[in-house]
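Colleague: Thanks for sending this over! Could we go through it together, one question at a time?

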Amino acid sequence: MLRLMLAFLVATTTSADDSLQRIRRAAIDVDNPKAMHSIIDLAECQDLKKLCAHHKFTDNLSMLECALTFSSSQLEDLPEACQHELWLQQRQLQLPAWMESSFLPLYCPAERSKLESCLNSVHLWSCLDQQRLKLPQSSACHQHLRKGYESLGQDYSAVDEFYTVCGQLVEEHKCGRLNIDHLPSVLSQLGTVQCLQESAPKPIEPICQSAINSIELQRGMLELFRVCQEDLSSLCSQEKPGTAGGFKCLVRHKNHPSMSPQCASQITMRDQQMGRDYRVSHGLAKACKDDIKTYHCRRGVSEDKHVRLAQILLCLESVSKNGTKLAPPCLAELTDHRRMLMTDYQLSPELLNDCADDIPKFCPDEHKAQLVNGMASTGGEIIHCLLEHVKARRQQRRVTAQCQRGLETLIKASDAGEDWRVDPVLRRACKPVVDVACKDVQGGDARVMTCLVEHIGTPVMLPECEQALLIIEYFVARDFKLDPQLYKHCRDDAVKYCRAKKQWDDAQNIQMDPERGPMILPCLHRMAFSEDEHQTLRKDCFKEVKRVMRQRAISMDLIPEVEDYCLNDLSAFCADCTEKGSEMECLQKNMDQLQPECKTVVVKYTEEEAAHVELNPVIMNVCGEAMQQHCSAILKSGKDNGDMMDCLIAHKNDADLRKDLRCRAAIEHFQIISLKSFHFTTKFKEACRPYVQRFCSSSATKNEVVACLSEVMRNDTIKAQRHQIPKECRHQVKAQLYQQRESIQLDPKLANACKRELEQFCEEEKGPGQVNEKALECLIRKTSSLGKPCHHAIFMVKKSELGDSGTDYTLLTTCKEMIYKFCPSTDSAKLLDCLKTYKDDTQFDQRCHLVVVNRMIEQNTDFRFNPSLQSACGKNIDRYCSNIVASALPNEELNGKVIHCLKDKFRQSALDEPCAKEMIKILQEQALNYKLNPLLQVFCKSEIQELCKANIDSDEHGQLAECLKTAFLQKQIINRQCQMEVATLIAEAKADIHVDPILETACTVDLLRYCSKVSAGNGRKLNCLRTLLKDTPNSLEADCREKLQRRIEMFRNADDTLALPPGDMQQLVQQVVASPARKFFLVILMSATGLVFLTGIFLGRATKRAMGLKNK
């Protein structure tokens, strides 16, 4: 049974070829003088005469044949000196020189000429045995050749190398021993090896020591199969004893409940030996012998030294990864040993040493099982336990750095990222998922692993599979070589652009692998989007980089580039963040408080996240459907550069995304984080960087930069000068302002200034996925009740929105359809002016109408809210109203005072033509809607409520203003300030009939019929109608005639009300000249002058008479 168990054990050594051949030549050339003496005549071999008495011949070959038939006890009793002589005879049978000089002349003299050709054969005795079969069986030569062949044994070729490399040393110390235990193969030399170890001086020649080590290793395997004989029969009945397959099967079942403790202990010891020396695994050593030699996998290690299993596996994997095909048996062994590495950490001695303290600390249950039961692990659980603690955020829960390095070597040596079946924990957890989701995926090149990663977050994924998968992916993400497809397509680009090593593994420097850190993949990603045409990735590599970055965003809790620099900050700020992507969000929120190194990498990565959405784990996890539905063109193009985030932001208020709160929240988080720096918005950064440095170098946050640039743009527009900021940057500034107006969260400065007001007035204004969705409109409505800080902030918002309609979120969203219908080609900055024109159209949307009117009301509170008015009337404002502007408080409305000032000058026809035309537009709108006249609202508040309550609902048709005019005419308005405002409203129509829509509407036919050739302005059309009323009243339409008569009466009353006492003679003359009763004043003045003249004449005569009487 023992022979059957060990029939397949074969010695494997990786000797240096040249030195081996030299030794063989020496053995051939030396003529041993003891070769011819008779063994049976030696004093130490006298026992042979008795034990071999039945043998007819007593020659040395016959004595050797006889001794090989002895039992173990008989061999053990044979003196060692005699055993040495018999060993020498057995050795000489393999020496061509001895065969030629001794064997053939003595036993085959007649057949010598036929047999000499075999002396130069590679396999001497194979050739001789073939020639023997051609000889007559009765011939003596035939019989002696048979004896010689049988004396060598079936595994003589395996012993040949030991004879060759250690023969001389054995002879020197007389250590030749027979195979007492009848062991097969090189184990037959076990007694000889034990003698050498006891007798030969140290150190033994390396090449011989290597052969000795190999025999010692096989001795251990012999013991293992002896102890595990019953376990093999019960657990691995399909495997043959002594085979590599049998050993692997026992290793797989090491933790089986029925495995005996003695066998488990033997396997554990064997695993430890195998980890230190790959040759313990005879299957690997034999199958890969040629490949190990060809590709120099023992480099730097002498023949007598142990070579770690990990070094051999890494070397062979490197050969395979670099495109060279290994021998199929070797490849099969390589796969088996990769699986064994992940099953039993005892196979990795460096892991045993590096993690000696970490195992009992972090894996106490598994460690206890090892101590109690003598087992090393529970099917890979100790390895996975350690792997999980590599990812721990708290330093005290994290394995040591040297243990992490050891685990990284293990993952690389096992190549766990390539084959999901290598890791037993992953295999058990994910088999159900693979059977359902990846059943049609062809194995190899990590295709199944890729399939599993793609299904993270889907209903088919199991929690335990995801957990085990993410542990492996954690390491794959740190070394681009562990992704076979990526390495295959990007190796040359990585070497060319990213200083990667040319070989998959560097056996000379395993522990100092530069790809261990997160360098190569980020470099490839940067190169994927390089603008330099001469430094671009190949198409296949670009595709793989995109895939890996997308998968990494899905599978990684935190990318290595950030994690390695932010462990302390993660522990301080983000210990409670457990959801995918939440740690990165936490770091971004606390960006200003991070340590310098961590802040630098977080800032850098946030910039890259903005440009390439595949780096954003949260967006990739929760917005996949949204990207497919709304941004599929960007996905298909493969180019992003910020376009994807812009697309998602543009669509985040669509109906489907309003329901998808997770995706919406992720988009808004990105928007909020991007406020910290303008660099976090790719398009904005690229378009505006030079102008930020030029105009806004002191601005810190993106909001400050946007406010600064928008002010530069606004001033250029008002001054009608060429823009200093180019169109691309202006477009980005407007886009950022538009986003700010969407939610108050996106304007932190405004949110802080108005915190109290938001809680007091706008607590209920909330929408899905947002806080205070309509808060801005609410605050604008409550402007008069706001505190100063909030009021000032709202003033700046209104100034921006009303200055450029393209930044008015409410206007653009509410009036989207109306803009498309009425203003499709209008510049976004002037959309409000366009919508004003069409707001009274019967097809105009009422919700949009309300927003437009509210914007008009806001514009009339301050001339700074009306860019058109500023542009048209700038000179007039400086000329006539500068004192009002100078006395205004900063960032507070003037409540229509400047417009009122311009109204006065309009009545006096003192305005420039462009300004007058702009004022006509304003006065027309005010006449139709009293709410557009802030002063009228303030001064006539009680009169509106008491006298014109019935007309409040008709405020956009001029009825309320008409009501106030009628009340003014009927002397019902007592309040002097209200009288003045209404009188002003009436008097404005004298300057231009267009500012009195009701009169203009009533007289439209007459104006076209009689006054069409009269130019507008300065009251000329109104004077035309008044002349007709005076000369031919019946020519006018009845309604026009009636309203015109009422207006003339109102004009007279208004003039009286507006008339002020002259301050000096010049004002008096101006009032008299301008008065309609100037002729009356002239008559009175002449009469008074005549009266004075007559009085003077009379008094002069009386004085003269009195003087004459006195003189008398």
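Colleague: Are cysteine 45 and cysteine 82 buried or exposed?

Modeller: Buried here means under 20% relative accessible area, exposed over 50%, and partly exposed in between, with a 1.4 Å probe and protein chains only. By that rule, cysteine 45 and cysteine 82 are both buried.

Colleague: Before we go on, what kind of model is this?

Modeller: Residues are numbered from 1 along each chain as its sequence is written, and side-chain values use heavy atoms, leaving out hydrogens and water. Local features need pLDDT of at least 70 and side-chain atom pairs count only at pLDDT 80 or more, while totals for chains, interfaces and linings use all residues, since the model is predicted.

Colleague: Good to know. How many helices does the chain have?

Modeller: Helices are DSSP runs of H or I with at least four residues, strands are E runs of at least two, and both are numbered from the N terminus. The chain has zero strands, and its helices number 66.

Colleague: How many disulfides does the structure hold?

Modeller: A disulfide is a covalent bond between the sulfur atoms of two cysteines. The working cut-off is a pair of cysteine sulfur atoms within 2.5 Å. By that test, the number of disulfides in the structure is 31.

Colleague: How many residues apart in sequence are the parts tied together by cysteine 45 and cysteine 82?

Modeller: The S to S distance of this disulfide is 2.3 Å, and the torsion about the S-S bond is about 120°, so the link is right-handed. Cysteine 45 sits in the loop between helix 2 (17-29) and helix 3 (47-51), and cysteine 82 in helix 6 (residues 80-92), so the separation of the joined parts in sequence is 37 residues.

Colleague: What handedness does the link of cysteine 236 and cysteine 249 have?

Modeller: These two cysteines are joined by a disulfide with 1.9 Å from S to S, and both are buried. With -95° about the S-S bond, the link of cysteine 236 and cysteine 249 is left-handed.

Colleague: Which helices hold cysteine 688 and cysteine 729?

Modeller: Both cysteine 688 and cysteine 729 are buried, and a disulfide joins them at 2.0 Å from S to S. The angle of 120° about the S-S bond makes it right-handed. The pair ties together parts that are 41 residues apart in sequence, because the cysteines lie in helix 42 (residues 682-695) and helix 44 (residues 727-742).

Colleague: At what angle do helix 51 and helix 52 pack?

Modeller: Contact means heavy atoms within 4.5 Å, and Leu832, Leu835 and Lys836 in helix 51 meet Cys848, Val852, Arg855, Met856 and Gln859 in helix 52. Axes are lines fitted to C-alpha atoms, for helices over the stretch in contact, with angles running from 0 to 180 degrees between N-to-C directions. The axes of helix 51 (residues 831-838) and helix 52 (residues 846-859) are 10 Å apart, and their packing angle is about 115°.
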